[in-house]
Amino acid sequence: MTQRRLIEETFPLKQVSADSRHEKNVRHGHISTLHIWPARRPLAACRAAIIAALLPDPGDEAGRHALNKKIESITHWGTENGPALDFFRQEIRKAFGERPPRVLDMFAGGGAIPLEAMRLGCEVIANDYNPVAWFILKCTLEFPQRLAGKTWPLPTADWGVRIAEPIADSDSAIPNSPSGIHQTEMPLGAREGDLADHVRYWGNWVLERARAELAPYYPTVNGQPTVAYLWARTVPCPDPACGAEVPLLKTLWLSQKAEKTLPDTPENRARPDFLRVKKTKNRSRVVINGRRALRLVPNAEAHRVDFEIWAPGPKDAVPEGTMAGAKSWCPVCGVHLTTGHMKECGFTDRMGIRMTAVEVAADYGREYRLSTEDEETAASRAAKTLISRADQIPHGLPTEPLPTSSSSGAGRAFTIPQYGFRSWADLFTPRQLLALVTFAKWIRLAQSEMRKCGYPEAWIEAVQGYLALAVDRLADRSSTLCRPDPTPTQSGIINTFSRFALPMTWDFIEGVTIEETSGGFSGAIEWVAKVVTHATKSQVAPPPSILQGSATELQETGVDVIVTDPPYYDSIPYADIADFFYVWLRRTVGDRYPEVFAAPLSPKIEELVQQTRGGEAGRTGKAEYESGMAEAFRRAWKALVSDGRMVVVFAHKEPDAWETLVAAMIQAGFVVTASWPVDTEMGNRTRAVESAALSSSIWLVCRKRPAGAGVGRYAAVRRAMQERITERLRYFWDIGISGPDFVWAAVGPALESYSAWDEVRRLDGTPFTVGEFLREVRRMVADFALGQILHGRSTEGLDEWTRYYLIHRSSFGLEDAPVGECILLSQGYGLDLNDVRGPRGLLVKGDGSDVRLAKWDERRRDDLGEPHPSGGLPLIDALHRLMRLWAAGNLDDLNTYAAARGLQQNDLFWEVAQAVLEMAPAKSRERTLLEAVVAWGRGRPGATTVSQPSLLEQGE
C-alpha cells in the first residue's frame, strides 16, 4: 500500500465522540469492569481509529462518506459485533494481501487498543512494562482468544454448587448456595460450559468454602442480613485532662433517602418515622422517612463518644462531623485536634478504628442500627486468626511498603503514608485481610481440584486467572479507603480507586465479602464473567503476543500499524497504583509466572513516568522520562514497515508534555499527516491530578518521514501552517470542538507542515524550536477564535491583553478555570501569567489553584484605563473604565475620557464591546451597562444584541 489511509483524509469524529462519551457509562461486559487500569481509551474510539488507519482512502468523497457511515454502525456499545464487522475484517485483509495486518501497542495498559485490533482480525503485539497490566492483557486478549467458541464439561458434585445464570444489570448474580460442603470427588458431568460458565462455577466453589470459614466473623443479628459495617478512625483527645477516644467523622449522615414505602399495617403506621399513607387503585402503602444520621453522645466518664441513630425530618439540620473541613474537634471537651496531632497518633500507633453503625437489609430496603457486642467481638477476633490463615498462602500478609508522598506531581495523590501507614496491609482491617487471604487460599486450591477433574492446563490457567482478578476487584471494595454512599441513591460501597490516589479517609465502609451485596465476592465473579462472555464473542484473530518490558527495548519489526497511548510525565502514578493489586496477584497466581512476579513490588526503574519523589532511588525523573520517550519512538520507527502508520493518543495539556512528545516524534523520523480531537471523557470524572486532563484526546496520525527531508524555511512553513490550521479549525469549530480542546485540536494540523522537515530554521539560521512552534500554534488558534468572536473582523491592531480577555471569556466565561489552561492562553500572546493576574491584571483567585476573570466591578484601581507602564492601552481596560463611569453616573468624565482616548472613532473598540456584551449573562447588571454604553458609543438610542455562541457555550 502506498496511498493515503482513510484516517488521513476523514474520520467520523462527531459520532465516535458521542459513542465514546456514552461508553463511559457502560458497565456490564465492558473491559473496564474486568480490572481497574488508569486512562483506558473508549473501545469505540479505538475501533474506529484502527479501522481508519488500516483501510486505504477511497479517493473520493462518496467513498469516504460510505466508509464513515459503516464505521458509525459499529461504534455504539452493543453494535460492535454488528453486520459491518465482517465487512471490515474482509476489507482489512484485502488491503494487506489477504493476511492479517500486524498491529502494535507499545503502552497497552488495560488492553482497549489491542482488543479492538483483535476484533478486526489483526495479529496483535501488546506490550506493557507493568506486571499487573501484563496480566490484565493476558486475561483480556490471550485467554479469550485461546478458548473462544470452546466448551468443556462442567463438574458435578453432591455438595450442590450451581452455575449462576447471568442477571442483567446486577452487581451480584450468584444464587444462594447450600450451606453444606462435602469434600467429594467431582466427576465431569454431561453439561458443557463455556469459559464464562466455568469461571462462575469455580467462583462459586471458592465462595462456598470461603463462606464456611468466614461466616463466624460476619454474625447475623435478629435475622436481618448484614449489608455493611460503618467505621470511623479514632485518636485520643490531645487534652490530658480529657483523653477521650475521638471518632473522626467527615459526616454524620447515614442515608439521605427522603422516603421509603412499607406495607400498610398498624405496626407500620405506628412507627416513629411514619409520614403518611399512600393509596393507589389496588393497594395502600405506608410512607416513612428514610433519612438516617448519627447523633454524637459525649460520655465524659467513660472518656468516649457514644452514638445514637435518628431520623432527621425535612427541616432538621444534621450537624457537621468531627472532621468538618479544617476544623477537627473533640465532642467531649471541645478542644481542637490539629493535623499534626493526628499524624503523630498514626506514627505512634495510637490511631484506632471504631464501628459506628451497621447497615442491614430490611424488607423495605436498607436500614441502620448500632453494632452489638457480638459484632464488635467478631471483628476483633479476626485479628487472632489472621496470622495462621495468612501462612497458608505464599508471602503471607502484604507487608510490602506503601509509596511515598510528595508535595508535587503524582506523589500528591498519596497522602495516607503521612499518617503513619507503612505497608499495603495497613490499608485493610484485620477482617478484610482475613477475607482476602481466605479467598486467595481457595483460589489456589481450586487449580488442584480442576486437575483432579481432568481439566486441560489452558482451562486451569484461564479460570484461575479470572478468579485472581475477582480477588483484585474484592480488594478494591474491601479497604479502609472505601467510602459509603450516603446520597439518596444508596449505591453501596464507593471503591478504593474511584480516583487514582491513596488519600487519607476518616470514616469508611466495610462490606460483607461472603454475601450478595456490594463488596461481595459473588458480585466480583459476575462482573468478571460478563466481561469473559463479551471478550470471547468475536475472537477470530491470530494468537496475540503479550510482552512485558519497557517500550525503549522493543525489538519488533514488520509492524503495519502502531496505535498507542503513551504515559504523560507524572499525570498518573501507574506502578504505585498497580502495587495495590500486584501484592494480591503475587499471592494468587504469582508462582505460575515466577519471572514476572518475582519481586516484592512491581518494577519502576524503567517506567516511562516522571515519578521522582523525595530523593527516592531508582525512579524516573524529568530528563529520564523525556529521553525514554524519544527512545520509545525510535523503537517504534524501527518496528514499522516503510509504509506503516502510527496513531498516538494524547490527552495532556501541559506545554512541557506536548513539547516532549512532539520533539520525540520528529527526532525519531515521523511526520504527522492528520489529527483528530475525539471527545472521550465524561464531564464528571474524578482524577488524582485534575490539572492534566483534557475532555478530548488528540489522535495524531504519523508516517515515516522520507529520508533527506532537509531544512524547512520558517516563512514558508508558517504560511503552510496558517492555511492548514484555518481549514481544519473551521471544521472543528462547526462541529462544536470548544474551549481548551480547541487549542490543542490545532496542533495536529500545524504539525503536518512543521514535521515534514528534519528541522525548521529562520532566515538567520536560528532554529524554529518545538516550543516556539507550539506557542505560534496557540496564537494562531486564538486569533482564529477571536475572528469568530468578532464576527470575522480583522484582529490586527488588537492588543494582547484584550485578546487574552476575549479568548479566556469565550472559553471559560467568568467561572473558575484551571491555571494550566490560562498559562497556555497567556503564552500564546507572549504574556506572563503573573502579570495577567497581577495588580493591574485580568485574573483573580478562584477555588484552590484555579483562577477566574475579574468582573468589571472588581477592577477598581484608579489607574484602570490608563496605558500600562510598558506602553499601550488595553481596550478591555478602557471598556471597563467606561462601564464604571456610566454606572456611577459620571457622564462628563465619561465623555472626557472617551474623547481623550479617541474611543468613539475606534471601530475595533466597539467591536470588542459588542463581543463582551454578547458574552454577558442575560438580564445581568453587566449586560445592561454594556447595552447602554454600546448604544451611546455608536450613537444609537437602543442596543443591538446578536446571539453568537461562545466557545464555552458550544462545549456545553
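Biologist: What happens to pLDDT over residues 682-694?

Modeller: pLDDT is the predictor's confidence in each residue, on a scale from 0 to 100. Over residues 682-694 the pLDDT stays under 50. Even there, the model has 38 contacts beyond four places in sequence. A contact means heavy atoms within 4.5 Å. Residues 940-956 also have a pLDDT below 50, and that stretch has 38 contacts beyond near neighbours in sequence.

Biologist: What is the mean pLDDT of the chain?

Modeller: The mean is 86, and 89% of the residues reach 70 or more. This is a predicted model, where local features need pLDDT of at least 70 and side-chain atom pairs count only at 80 or more, while totals for chains, interfaces and linings use all residues. Residues are numbered from 1 along each chain as its sequence is written, and side-chain values use heavy atoms, with hydrogens and water left out.

Biologist: How many helices and strands are in the chain?

Modeller: There are 28 helices and 28 strands. They are DSSP runs numbered from the N terminus: helices are H or I with at least four residues, strands are E with at least two.

Biologist: How much of the chain counts as buried?

Modeller: Of its 956 residues, 59% count as buried. Buried means under 20% relative accessible area, exposed means over 50%, and partly exposed is in between (1.4 Å probe, protein chains only).

Biologist: Why does Arg211 count as buried?

Modeller: Its relative accessibility is 16%. The limit is under 20%, so Arg211 counts as buried. Arg211 lies in helix α7, residues 195-214. Arg211 and Phe439 are 228 residues apart in sequence, yet 9.2 Å apart in space, C-alpha to C-alpha.

Biologist: Which residues of helix α9 are buried?

Modeller: His341, Met342, Cys345 and Gly346 are buried in α9, which spans residues 339-347.

Biologist: How do you know which side of α9 they are on?

Modeller: They cover an arc of only 140° around the axis, so they sit on the same side of α9. The arc is that of the directions from the helix axis to the C-beta atoms. Their cover includes β5 (226-236) and β6 (245-248), along with β13 (323-324) and β14 (327-328).

Biologist: What makes Arg119 and Glu116 a salt bridge?

Modeller: Their side chains meet at 2.8 Å, N to O. A salt bridge needs a side-chain nitrogen of Lys or Arg within 4 Å of a carboxyl oxygen of Asp or Glu, so the pair qualifies. Both residues are buried. They are three residues apart in helix α5 (residues 112-119), which means about one helical turn separates them.

Biologist: What does the salt bridge of Asp877 and Arg859 tie together?

Modeller: The closest N and O atoms of Asp877 and Arg859 are 2.8 Å apart. Asp877 lies in helix α24 (residues 875-888), and Arg859 in the loop between β28 (851-853) and α24, so the pair ties together parts that are 18 residues apart in sequence. Asp877 is buried, at 1% relative accessible area. Arg859 is buried too, at 7%.

Biologist: How many salt bridges does the count come to?

Modeller: The count comes to 64. Some are linked: Arg4, Glu9, Asp57, Glu61 and Arg64 form a network of salt bridges.

Biologist: Why is the pair of Trp202 and Tyr455 called an aromatic pair, and of which kind?

Modeller: Rings of Phe, Tyr and Trp (its six-membered ring) pair if their centres lie within 6.5 Å; planes under 30 degrees apart are stacked, over 60 edge-to-face, and the rest tilted. The centres of Trp202 and Tyr455 are 6.0 Å apart and the planes stand at 75°, so the pair is edge-to-face. Trp202 is in helix α7 and Tyr455 in the loop between α11 (430-452) and α12 (457-476), 253 residues apart. Trp202 is buried, with 0% relative accessible area. Tyr455 is buried at 5%.

Biologist: What kind of pair do Trp231 and Phe508 form?

Modeller: Their ring centres are 6.2 Å apart and the angle between the planes is 5°, and the pair is stacked. Trp231 is in strand β5 and Phe508 in strand β19 (residues 507-511), 277 residues apart. Trp231 is buried at 9% relative accessible area, and Phe508 at 1%.

Biologist: Which residues form one aromatic cluster?

Modeller: Trp152, Tyr201, Trp202, Trp205, Trp442 and Tyr455 do. In total, the count of aromatic pairs comes to 28.
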